[in-house]
Amino acid sequence: MENKIKIVETSNIFSKIIGAIVVAAIVLIVLKLVNGVQGKRAFSAELGGDSAEFEESKDVKVRFSDVAGSEEAKENMKDIIEFLKEPEKFESFGAKTPKGVILYGPPGTGKTLLAKALAGETGAEFIPTSGSYFVEKYVGVGASRVRKLFNKARKKSPAIIFIDEIDAIGGKRGDGQGTSEDAKTLNQLLVEMDGFKDKENIIVVAATNRLDMLDDALLRAGRFDRHVMVGLPDLNARFEILKVHAKNKPLSEEVDLFQVAKQTVYMSGADLSNIMNEASIYAIKENCSEIMLSHIDKAMNKIIAGDEKKDRSNISDMEKKITAYHEAGHALIAKLLNKESVPKVSIIPTTKGAAGYTIINPNEKMFQTKKEILNRVSGLLGGRASEEIIFGKENITGGAANDLQRATRMVVTLITKYGMSEKLGLVCFDDREISLENQIILEETKRVLDKIYSTTLNYILKNKDKLNLIAEKLLENEIIDEQDLDALIAS
Ligand code: ADP
Ligand code: ZN
C-alpha cells in the first residue's frame with residue numbers, strides 16, 4: 001500500500017508541473033478554474049454567524065460508488081467504515097481506532113465528496129465546516145467554536161466532522177504567519193482529538209491542497225495520522241467520472257465519453273462534472289432532445305478557455321496576426337517536436353481574457369524524461385519565440401506572460417526537485433526551501449530557460465514555412481483542428 005501511494009504521489013506532483021494542456025495566450029486560466037472551485041467554499045464559512053453554529057446533514061445520499069476513480073483513497077478508508085459501523089469490534093480486539101484522516105490533493109478532485117460518501121455509507125451524521133470559520137481576531141472565539149463543534153459531534157455520534165481547508169487553522173506554527181489566536185485554535189483542536197474516547201465514534205476528516213504546509217503536531221499519531229492522497233484523475237478515472245455525471249442525462253449515441261476522457265488530461269472531477277453540466281445547458285438552449293458531440297465540444301472549450309467573445313470589433317488586424325503567430329508557434333512545437341496531440345488551435349478571444357489558445361493533450365505517462373520536460377518548456381516558449389521571429393525583438397507582446405510563468409515553474413521544479421541540473425546536482429528541496437530570491441536557483445533557472453529559448457528560436461526558424469502555413473490558416477479560419485494541422489505540417 002505504501003508503495004502504491006508513493007507512485008501516485010510522484011505522478012501527481014508531476015502532473016501539476018507539466019500540466020501544460022492549454023497554452024493560452026493571456027490569462028491564468030488555471031487560476032480562474034481554481035478560484036471557481038473555491039468560490040463554493042465560502043459557503044461553509046458563511047454558516048458562521050455564531051448563532052448559526054454547525055449545520056449537520058442527516059441521511060447523506062452520497063455513496064462510494066458516486067466517487068469515480070480514487071480507488072486507492074476509497075480502499076484506504078474502508079476500515080473507517082467498519083469502525084463507524086461496529087466500534088465494539090475494534091474495542092474488543094484492542095485495536096487502535098482511527099481518529100483523523102487528511103485528504104490532500106488539488107481542488108475539485110472529490111475530497112469533500114469522499115468525506116460525504118463516508119457518512120452516506122455508514123449512516124453517520126455529516127458535520128461540514130471550513131478552517132476559515134475558526135479564524136477570528138477576537139480572543140478565544142476560534143477555540144470556543146472548535147469546542148462547540150466537537151460537543152455537537154459528541155451529541156450526534158456516530159458522526160463525521162469534515163473540516164475543509166484545514167490549513168487555515170493547521171498551518172505550521174512558528175513560521176511567523178499565524179497569530180497567537182490561530183495557535184490557540186489549533187491547540188484546542190488537538191486537545192479535542194486527544195480527548196476522544198474510542199467509543200465516542202467520531203471521525204474527523206480534513207481536506208487540504210497542501211499537506212506539506214500543515215503543522216507536524218496535527219499529523220502525529222492519534223491525531224490526523226492517516227494521510228490519503230486524492231490526485232487528479234488518470235484516463236480511466238476520467239472516463240468513470242464522466243460516466244457518473246452522464247448517468248441521468250440524455251446522451252446521444254455519437255458521444256464517446258472515452259474520447260472526451262482522452263481530451264481532458266489534467267482536469268479534475270469538478271471540471272469534468274462542469275463539462276457535462278454545461279453540455280446539457282447548450283443542448284437545452286438549442287432545443288435538442290439529446291446532448292450531441294457539438295455540445296460537449298463547446299462545453300470543453302468553455303471550461304478550458306471561457307466562452308467565445310461575441311464582440312470582436314475592437315481587435316485590430318495586427319493584434320490578430322500576432323495572436324495567430326503566437327498560437328502557431330505553440331502548435332508547431334507541440335506537434336512537430338513533442339509529437340503531442342493538438343485537437344484545437346483558436347484565435348477567437350474568450351471571455352476569460354485569452355486572445356487565443358492552443359489545446360495540447362500531452363502523452364500521459366507516469367514519468368517524463370528530462371528531454372521531454374525540456375521539450376515541453378520549449379512548447380510553452382514557442383509562442384513568444386514565434387512572435388520574435390516574425391515581428392522582431394522590439395515588438396514582442398505581454399501575451400506570453402502566462403506561458404513564461406509556467407515555463408519558469410517547470411524549470412524550477414526540474415532543477416530543485418528532480419535533481420536534473422548539473423549546477424545544483426542531485427537535490428530535492430521542500431517547497432518552502434525554494435525561492436527565486438536564492439541567487440543560485442535564479443541564475444540556474446535563467447540559464448536553462450535562455451538555453452531552451454534559443455533552441456526554440458532555431459527550431460521555429462528551421463520550420464518557418466510550416467509556421468507561416470499554420471498562422472495563415474488561422475487568420476483565414478480562426479480555428480483549426482487536428483486534421484487541418486496534420487495536413488499543414490505534412491505539406
Ligand atoms: P474537493 O473537495 O476536492 O475540492 P469536491 O469533492 O468538492 O472537490 O468536488 C466537486 C465536485 O466535482 C463534486 O461534487 C462532484 O460533482 C465532482 N467530482 C469531483 N471528483 C469526483 C469523482 N472522483 N467522481 C465523481 N465526481 C467527482
Ligand atoms: Zn502562449
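**Exercise 1: Lysine 249**

*Solution.* Helices here are DSSP runs of H or I with at least four residues, strands are E runs of at least two, and both are numbered from the N terminus. Before going on, note that this is a predicted model, in which local features need pLDDT of at least 70, side-chain atom pairs count only at pLDDT 80 or more, and totals for chains, interfaces and linings use all residues. Residues are numbered from 1 along each chain as its sequence is written, chains are lettered from A and ligands numbered from 1 in the order in which they are written, and side-chain values use heavy atoms, with hydrogens and water left out.

Next, check accessibility: lysine 249 is partly exposed, at a relative accessible area of 26%. Buried means under 20% relative accessible area, exposed means over 50%, and partly exposed lies in between (1.4 Å probe, protein chains only).

Finally, look for partners. Setting aside neighbours within four places in sequence, lysine 249 is in contact with Met276, Asn277, Ser280 and Ile291, where contact means heavy atoms within 4.5 Å. Its C-alpha atom is 10.0 Å from that of alanine 279, which is 30 residues away along the chain.

**Exercise 2: The zinc site**

Which protein atoms are the donors of the zinc ion (ligand 2), and how are they spaced along the chain?

*Solution.* First, name the donors: His326 (NE2), His330 (NE2) and Asp403 (OD) lie 2.0 to 2.1 Å from the zinc ion. Donors are N, O and S atoms within 2.8 Å of the metal (3.2 Å for Na, K and Ca); water is not among the atoms, so sites may look incomplete.

Second, read off the spacing, which is H-x3-H-x72-D. Histidine 330 belongs to helix H16 (residues 317-337) and aspartate 403 to helix H18 (residues 401-416), so this pair ties together parts that are 73 residues apart in sequence.

Third, ask about burial. Histidine 330 counts as buried at 0% relative accessibility, and aspartate 403 is buried with a relative accessible area of 0%.

**Exercise 3: A helix pair**

Describe how H16 packs with helix H21 (residues 482-490).

*Solution.* Two packed helices are described by the angle between their axes and the distance between the axes. For H16 and H21 the angle is about 75°, and the axes are 11 Å apart. That makes H16 roughly perpendicular to H21. Axes are lines fitted to C-alpha atoms, for helices over the stretch in contact, and angles run from 0 to 180 degrees between N-to-C directions. Angles of 65 to 115 degrees count as roughly perpendicular, under 35 as roughly parallel, over 145 as roughly antiparallel, and the rest as oblique.

Now list who meets whom: H16 supplies Ala331, Lys335 and Leu336, while H21 supplies Glu482, Leu485, Asp486 and Ile489. By class, this contact has four nonpolar, no polar and three charged residues. Ala, Val, Leu, Ile, Met, Phe, Trp, Tyr, Cys and Pro count as nonpolar, Asp, Glu, Lys and Arg as charged, and the others, Gly among them, as polar.
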